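Me: I'd like to go through this model and check what the labels on it rest on. Give me the value and the cut-off each time, please.

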Amino acid sequence: MDYLSIKGPVRLEGEVEISGAKNAALPLIAATLLSDEPCTIENVPEVADIHTLLKLFGKLGSRFIFEDHTLTIDNEAIENTRATYEIVKTMRASILVLGPLLARFGHCEVSLPGGCAIGQRPIDLHLKALEQMGALIEIKNGYVMATAPEGLVGTRIIFDKITVTGSENIIMAAALARGKSELINVAKEPEVVQLCEVLAQAGVSIEGIGTDELIIHGTDRQPLKLDPFSIIPDRIEAGTYLCAAAITYGSITLNGVIADHLDAVTAKLHEAGCRIETEENSMTIYPAAKLKAFEISTTEYPGFPTDMQAQFMALATQAEGVSIIEERLFENRFMHVSELQRLGASIHLKGHTATLNGPIQLLGADVMATDLRASSALVLAGLAASGVTNLHRIYHLDRGYEALHEKLEKLGADIRRLKE
Ligand code: UD1
């Protein structure tokens, strides 16, 4: 197993290229199941989660070539519609094949994802919506066994809670359903919006794209023809590099970003004292004179993303005053707290709220990655800490950050990837 050895403190300077968004690529690759012709997707990030999904596609009978961030995928010959436990357990987002497989083939079996480090994360809303569309669903031997012998039928669905992958699953199902689906309280994340845009480009009539109410006219199982498209930039990767600049009092230019997608994040960085200049496809962050404490409450887009909560907690350790960070989406997404405390952070955790006192001179230590974003927070803390921070179990980072170590090294970090 590899680990990262980071020597701090450093001041990061330079330019970084932002990769395609993992969380947009996953549903869009799943959406290729709605087609029986080859599809080409560009700007696909080279991260472990994408390889995991492609491994699943390989088992389903899909043929693909993934080279130089371009994926050409042909799902014409798919015969198998079973997503097995061995893959789903390593990546919850595998559940994204449920909607499209059921919509195109009328049956599928997908392993239940089970527990997860950041909380319970049920899929009840995905299943309830599919049942409303006429699916028969049984949970048997740890699998969701879904059938829709007559095909799925469009209907009015009100999501009890906003769910990103739940919205994506049902949007894909509705695209091939019979008749009109009205989806209410849909997630508005840019990744959901891109999924809708790609389906609309393929001829599916979708009204309300970008809002929380969608009307989708399904094709009644007529497979789609997907035009080539390119994955949107990863706003969470971009936000992480903005925090890396902020925490090291450095200055970084991010290339290949959509600044609008980062509004909630950049607003907090302004509050913390940083200056950000935006151009068409790039943004530059300039250091604060002195980082100031801030308050954060995670919520759905366009609010502050839960996927940036951990990174801002690392930043708060360096901000003057009392910062308050409330996690409202996932009950257990504070695994990084005890690891940040190992580096010397002053954090008081009560229920869903962390209170931090800063600034604290962090001191390097051995720390453990526990989930994807918690791991990136520990990298940021390691850049600011004095001495060596060894971050173990970095397979979590590999799931979602393309070439993190190389990109940080190019920005001036003293970072090495080593074998345990
Ligand atoms: C997606 C993102 C993840 C991000 C999260 C919230 C992908 C691949 N992953 O995860 O990076 O952190 O959105 O922005 O895009 N819930 C239910 N029942 C359900 C589904 C969800 O109760 O059937 C709850 C969850 O437990 C959670 C909340 O709804 O409390 C939001 O979860 P959801 O939006 O579904 O997260 P994911 O789609 O899994």
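Me: Why is Arg399 called partly exposed?
Reply: Its relative accessible area is 25%, and the label covers what falls between buried (under 20%) and exposed (over 50%), with a 1.4 Å probe and protein chains only. So Arg399 is partly exposed. Bear in mind that this is a predicted model, where local features need pLDDT of at least 70 and side-chain atom pairs pLDDT 80 or more, while totals for chains, interfaces and linings use all residues. Numbering runs from 1 along each chain as its sequence is written, and side-chain values use heavy atoms, leaving out hydrogens and water.

Me: What makes Asp49 and Arg399 a salt bridge?
Reply: The closest N and O atoms of the two are 2.8 Å apart. The rule asks for a side-chain nitrogen of Lys or Arg within 4 Å of a carboxyl oxygen of Asp or Glu, so Asp49 and Arg399 qualify. Asp49 sits in helix α2 (residues 48–60) and Arg399 in helix α13 (residues 395–400), so the bridge ties together parts 350 residues apart in sequence. Helices here are DSSP runs of H or I, at least four residues, and strands are runs of E, at least two. Asp49 itself is buried, at 2% relative accessibility.

Me: How do you know that Arg63 and Asp74 pair up too?
Reply: Their side chains come to 3.9 Å, N to O, which is a salt bridge. Arg63 is in strand β4 (residues 63–67) and Asp74 in strand β5 (residues 70–74), so this pair joins parts 11 residues apart in sequence. Arg63 is partly exposed at 49%, whereas Asp74, at 17%, is buried.

Me: Why is Gln318 called buried?
Reply: Its relative accessibility is 13%, so Gln318 counts as buried. Gln318 is in the loop between α10 (309–316) and β19 (321–326). Residues it touches (heavy atoms within 4.5 Å) include Ile247, Tyr249 and Leu291, leaving aside those up to four places away in sequence.

Me: How do you know that Gln318 and Thr317 make a polar contact?
Reply: Their side chains are joined at 3.0 Å. The cut-off is a pair of N or O atoms within 3.5 Å; within protein, one must be able to donate a hydrogen and the other to accept it, and neighbours in sequence count only if both atoms are side-chain atoms. So Gln318 and Thr317 pass.
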